[in-house]
Amino acid sequence: MDGAQDMGGVKGFGPVQPEPNEPIFHGEWERRAFALTLAMGRPGGWNIDMSRFARENRPHDDYLSKSYYQIWLAGLEKLMLERGLISEDEIARGHSLDPPKPVKAVLSSSDVGAMLHRGGPTERDPLQPARYGIGDRVRMKNINPPTHTRLPRYVRGRVGTIELLHGAHVFPDTNSLGQGEDPQWLYTVRFDGTELWGAEADPTTKVSVDAWESYLEPA
Amino acid sequence: MSGHDHDHHHDHDHSELSETELRVRALETLLTEKGYVDPAALDVLIETYEKKVGPRNGARVVAKAWVDPEYRKRLLADGTPAIAEIGYAGRQGEHVVALENTPTTHNMVVCTLCSCYPWPVLGLPPVWYKSAPYRSRAVSDPRGVLRDFGVELPKDTEIRIWDSTAEIRYIVLPMRPAGTEGWSEEKLADLVTRDSMIGTGLAKKPGGAT
């Protein structure tokens with residue numbers, strides 16, 4: 001979706017402000033929000049693309065005014081509410097009012113290490129040969145779905161060169177909707193800065209995105 | 001979302017912060033009562049990313065690549081197994097590509113769409129990496145962003161920005177500083193900063209200066 005999360009090239013956010021000796025978390029609530037989000041992935045059963053969509057699918061002012069872990073928290077609440085795991089009333093009261101919904105599994109402390117070590121690899125057996133090869137010129141499609149996509153606005157319609165092939169990977173646009181993994185070839189596509197930002201752009205800049213095959217067409 | 005907002009919540013807006021704090025507390029109580037989460041598991045998750053997983057992991061990878069040409073080759077050819085050789089793998093590092101800085105090419109990593117970052121080697125991302133200023137400008141004004149970090153590169157250095165839009169995670173292999181011949185991996189690792197592996201910094205020079 002063309003939401004506030006799609007920030008590449010947007011002007012007006014000001015300088016980057018690195019924080020010297022930054023702590024991992026700023027306050028106890030960030031620790032707990034982070035851990036709750038990771039832990040709820042198991043009983044919740046959603047995938048990473050659903051999580052990302054739950055975070056980004058909100059009004060621009062809401063997305064931009066929330067801190068990072070406030071967005072995580074809002075995304076987590078949305079995922080749980082959508083599945084009926086909890087209710088608004090229960091969040092407001094901070095207590096369980098209804099019996100829990102049956103869940104497949106709960107993350108125990110002894111499972112954490114194995115869960116993190118396993119991660120969530122997204123590479124799958126390819127269903128067909130790759131359509132493009134390294135060095136091929138491709139144009140990024142101009143698509144503007146109202147649903148989750150990982151094709152940023154700033155490269156749509158632009159022509160680039162295939163730089164890397166990563167095998168077939170789970171396709172977020174369908175996976176985020178629960179419509180299956182639809183594994184597709186994943187490429188790194190490199191663009192000249194001038195192709196993205198115009199003739200005035202710094203000619204020494206090259207930018208790449210990782211893009212699934214259905215985002216591309218021959219150029 | 002920005003670093004500025006973050007400071008804002010902390011420095012000036014205690015009422016909003018405490019509202020969030022109360023909401024998180026309420027949520028944890030609720031989810032524990034429901035039996036969906038085990039608070040002990042939350043503690044282990046937090047401890048893992050506060051105490052165990054961080055940029056020191058990535059620094060060891062870089063230092064090994066600096067001293068061992070065969071390892072460097074394996075790392076650049078296929079990052080994930082090479083990094084697993086020294087014990088780092090898993091969540092948000094399932095598919096890692098290492099990017100080599102050279103005298104003519106400087107690599108810098110961003111996630112314009114969210115906050116993708118190679119957790120097993122760098123830990124959790126700093127606030128600025130997730131902030132709107134970095135995500136917006138890294139792809140359109142990388143030299144300006146580097147200046148925000150006090151880094152000025154030669155005019156003819158090619159700047160390669162890698163936008164992490166899929167589940168591929170990138171780590172930059174910074175250039176080894178001059179004057180470190182014969183150093184041990186452990187000593188070299190001290191020169192490898194987090195920012196040098198994101199590409200917003202360079203490795204430290206011997207003697208402390210960056």
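How many of the residues of strand E5 (residues 205–212) of chain A are buried? The count is 8 of the 8, so E5(A) is largely enclosed by the rest of the structure. Buried means that 20 or more other C-beta atoms, placed from the backbone, lie within 10 Å of the residue's own; 12 or fewer means exposed, and in between is partly exposed.

This is a predicted model: local features need pLDDT of at least 70, side-chain atom pairs count only at pLDDT 80 or more, and totals for chains, interfaces and linings use all residues. Residues are numbered from 1 along each chain as its sequence is written, while chains are lettered from A and ligands numbered from 1 in the order in which they are written.

**Chain A overall**

Chain A has 8 helices and 6 strands. Both kinds of element are DSSP runs numbered from the N terminus: helices are H or I with at least four residues, strands are E with at least two. The order from the N terminus is α-α-α-α-α-α-β-β-β-α-β-α-β-β. Along the principal axes, the C-alpha atoms fill a box of roughly 60 × 45 × 35 Å. Of the 219 residues in chain A, 40% are buried. Among contacts with a separation of 6 or more, 66% join residues 24 or more positions apart. A contact here needs C-beta atoms, placed from the backbone, within 7 Å.

Strands pair if DSSP finds at least two bridges between them.

| Partner of E5(A) | Bridges | Direction |
|---|---|---|
| E4 (residues 184–192) of chain A | 7 bridges | antiparallel |
| E3 (residues 158–163) of chain B | 5 bridges | parallel |

A:Thr188 stands opposite A:Asp210 in E5(A). A:Lys206 has B:Arg160 in E3(B) as its bridge partner.

**Helix H4(A)**

Helix H4 (residues 68–82) of chain A has 15 residues. From first C-alpha to last, H4(A) reaches 21 Å, close to the 21 Å expected. The expected span is 1.5 Å times one less than the number of residues. Its buried residues include A:Tyr68, A:Trp72, A:Leu76 and A:Met80. Just after H4(A), A:Gly84 takes a positive phi of about 70 degrees.

**Chain B domains**

Chain B is assigned domain 1 (3–50) and domain 2 (54–198). These bounds come from an automatic or database domain assignment. The C-alpha centres of the two domains of chain B lie 30 Å apart.

Note on methods
Contact = placed C-beta atoms within 7 Å.
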